[in-house]
Amino acid sequence: MPTLERIHDLDGHPEHELEWKKSQVPFICNGCKEIGFGVCYQCPDMNCNYILHEECGIRRPTPPFQKFFEDCNFQFHPENPLGPRKCDICTLDIQGFLCQCSYGEHNLHPHCTSLPPVISLPDSDMSIYLSRRIQSKCLKCQSKKISSSRVQGLSYVSSDGKLCYHVTCLKQASLEAWKRDYFNLDVNANDEEKSLALQNLSPKLVVRPSGEQNSKAMKGFNC
């Protein structure tokens with residue numbers, strides 16, 4: 001269960017309280033501007049698509065785990081007071097809410113601070129563990145280093161070191177997997193919810209799913 005079932009974001013969305021729920025479709029958080037899956041805080045108004053990661057709604061001052069940043073005292077900020085930064089976990093740009101080390105050395109997306117330390121791979125008895133050190137190439141980008149970033153970032157690595165996924169690559173892979181299974185989701189999301197999710201993820205795309213239009217609409221959403 002969530003820490004709070006309802007919150008009121010007076011700065012970003014003063015019109016309505018936000019309700020804790022499990023989103024059946026991916027979304028873009030209005031706080032940190034990053035993709036999200038699952039639990040979130042969302043405006044109950046059906047005409048409003050304001051939504052926050054649970055972490056961006058609760059705004060905990062200190063990340064739940066600091067094993068990789070032991071000397072840091074993190075504080076939550078609605079925007080970066082020190083200018084453009086990259087997340088030290090996923091290496092992506094920080095465009096909104098963040099947790100920042102009081103020394104200014106490390107910056108994290110609030111949602112990245114609650115990544116699970118261990119992920120069990122489906123249809124397998126193998127697990128991958130959040131780690132700073134990697135021994136093999138990322139299975140998605142086929143590189144040890146994320147070439148587009150000066151920040152090292154974290155990765156998920158198997159105990160034998162042979163399997164590796166950069167956190168940022170795993171985020172991308174999750175979205176791609178969702179798009180591939182868009183019409184076969186084993187959830188209760190209706191066409192209206194799916195349409196809203198696609199518009200949130202790709203603001204320039206206008207989707208009006210209704211029977212025969214479904215397949216045509218998805219052609220505009222690049223996978």
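Glutamate 19 is partly exposed, with a relative accessible area of 27% (buried is under 20%, exposed over 50% and partly exposed in between, with a 1.4 Å probe and protein chains only). The model is predicted, so that local features need pLDDT of at least 70 and side-chain atom pairs pLDDT 80 or more, whereas totals for chains, interfaces and linings use all residues. Residues are numbered from 1 along each chain, and side-chain values use heavy atoms, without hydrogens and water.

Five salt bridges are found in the whole structure (a side-chain nitrogen of Lys or Arg within 4 Å of a carboxyl oxygen of Asp or Glu). In one of them, glutamate 19 pairs with arginine 6, with the closest N and O atoms 2.7 Å apart. Arginine 6 is partly exposed at 45%. Arg6, Glu17 and Glu19 form a network of salt bridges. Lysine 140 and glutamate 176 also form a salt bridge, with a closest N and O distance of 2.9 Å.

The largest nonpolar core holds 36 residues, of which Leu52, Ile89 and Val167 touch the most other members (such a core is a set of buried Ala, Val, Leu, Ile, Met, Phe, Trp, Tyr and Cys residues joined through side-chain atoms within 4.5 Å). Contacts of leucine 52 (heavy atoms within 4.5 Å), leaving out residues up to four places away in sequence, include Ile7, Phe27, Cys40 and Phe97.
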